[in-house]
Amino acid sequence: MAMNQVQFQRGVCMPEFFERYGTEDQCATAMVAMRWPGGFLCPRCSSGAHYVVGHGQRKLFQCRDCRHQTSLTAGSMMDSTKLPLRTWFLAIFLISQAKTGLSALALKRQIGTSYRTAWLLHQKVMATMARRDSELPLTGLVQMDDAYLGGERPGVVGRGSPNKVPIVAAVSTDDAGHPMRVKLGCLTGFTCEAITAWARVNLTPGCDVRSDGLACFSGVIDAGCAHSYIVVGKRKPRELPQFRWVNTVLGNLKTMINGAHKSFKFGKYASQYLGAFAYRFNQRFNLNALLDNLLNHAATAPPTRERQIRAMAEVHD
Ligand SMILES: [Zn+2]
């Protein structure tokens, strides 16, 4: 599919969203279908026999065999929530649609919660997107490049500037050179060891990696990949067709960070933002399914606790 066809795809519009998920009961019905597609199963004893008590978000499933009670959200990304399901669904819809990213402040205004609640919800949805995307490493031909992103003070531009997070971007392409999937990650630094560790998680052994020859990229070899480089010299990498897509992705990413997240601490939560960006990019061929896929991932993802999110941030403090 050409890029313009991707951009003009029909996604889920707002009236359609409210028609499908506008009430608590509609969201509850969708949650049941996503969590137990073959019918309810007790999480403790796997029995299917149950009573339903209450309605909407307060619906409880009580097992007839072991009497264990479970809620619609227990054990999911929305575990222990006090928010209505329709607030979660609306937030997931808004996050799924925001191609250029969404700030927690913008989310707070649209879902009508406190800033702290909106921030946490945004982080949980992004962590789910990042975790889901991390399950599929890249294969085949891969363009790879480095960049520094974020930073709250204007500083030196490019490699070596302060306040910025070193990141790696990789785009797999088909034989005709069209972009397939993207992976982004923050590194502790541009070292061979950091690239090897990143590549072991994000690239399938046997990938054929092209880079501009920055020394650390040879680290992909220890992860079982082939590596070749093109000497960029005085030319900018984006001027070379070999790096066209990885540079397009990095350009979009910078637009997102500078636009939606002007003053936020990118460095602290970089891995979630990068994972969420990659998730959205990698689902771009099917915008119509993006909302339902993300709702499904949220309903079936394990819980992410606030302390886990804050602990992940400490790493990059
Ligand atoms: Zn049971």
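β7 and strand β8 (residues 226–229) run parallel and are paired over four bridges. This is a predicted model. Within that pairing, V209 has H227 in β8 as its bridge partner. β7 also pairs with β4, again in the parallel sense, here over three bridges. L141 has its bridge partner in β7, namely D208.

Strand β7 spans residues 208–211 and has two faces. V209 and S211 make up the covered face. D208 and R210 make up the uncovered one.

Next comes helix α7, residues 192–202. Its buried residues are A194, I195, T196, W198, A199 and N202. What covers them? Strands are part of the cover: it includes β4 (141–149), β5 (165–173) and β6 (179–186). Of the 20 residues of α6, 14 are buried, so the helix is largely enclosed by the rest of the structure.

Now turn to the other sheet. Strands β1, β2 and β3 form an open sheet in the order β1-β2-β3, with antiparallel pairing. β1 (50–53) and β3 (69–71) are the edge strands, and each pairs on one side only. From one strand to the next, the twist averages 25°. Strand β2 takes in residues 60–63 and is joined to β3 by three bridges. F61 stands opposite T70 in β3. In general, strands of a sheet pair through backbone hydrogen bonds, either parallel or antiparallel.

Which protein atoms are its donors? They are the SG atoms of C42, C45, C63 and C66, lying 2.3 to 2.4 Å from the ion. Along the chain, the donors follow the spacing C-x2-C-x17-C-x2-C. The arrangement is tetrahedral because the four donor atoms subtend angles of 101 to 116° around the zinc ion.

Is C63 buried or exposed? C63 counts as buried because its relative accessibility is 0%. C66 has 26% relative accessibility, so it counts as partly exposed.

Technical notes
Residues numbered from 1 in each chain as written. Predicted model: local features only at pLDDT ≥ 70, side-chain atom pairs only at ≥ 80, totals over all residues. Heavy atoms only, no water. Buried < 20%, exposed > 50% of the residue type's maximum accessible area, 1.4 Å probe, protein only. Contact = heavy atoms within 4.5 Å. Pairing = 2+ DSSP bridges. Axes fitted to C-alpha atoms, helices over the stretch in contact; angles between N-to-C directions. Donors = N, O, S within 2.8 Å, 3.2 Å for Na, K, Ca; no water. Tetrahedral: all angles 85-135°; square planar, octahedral: opposite > 155°, others 65-115°.
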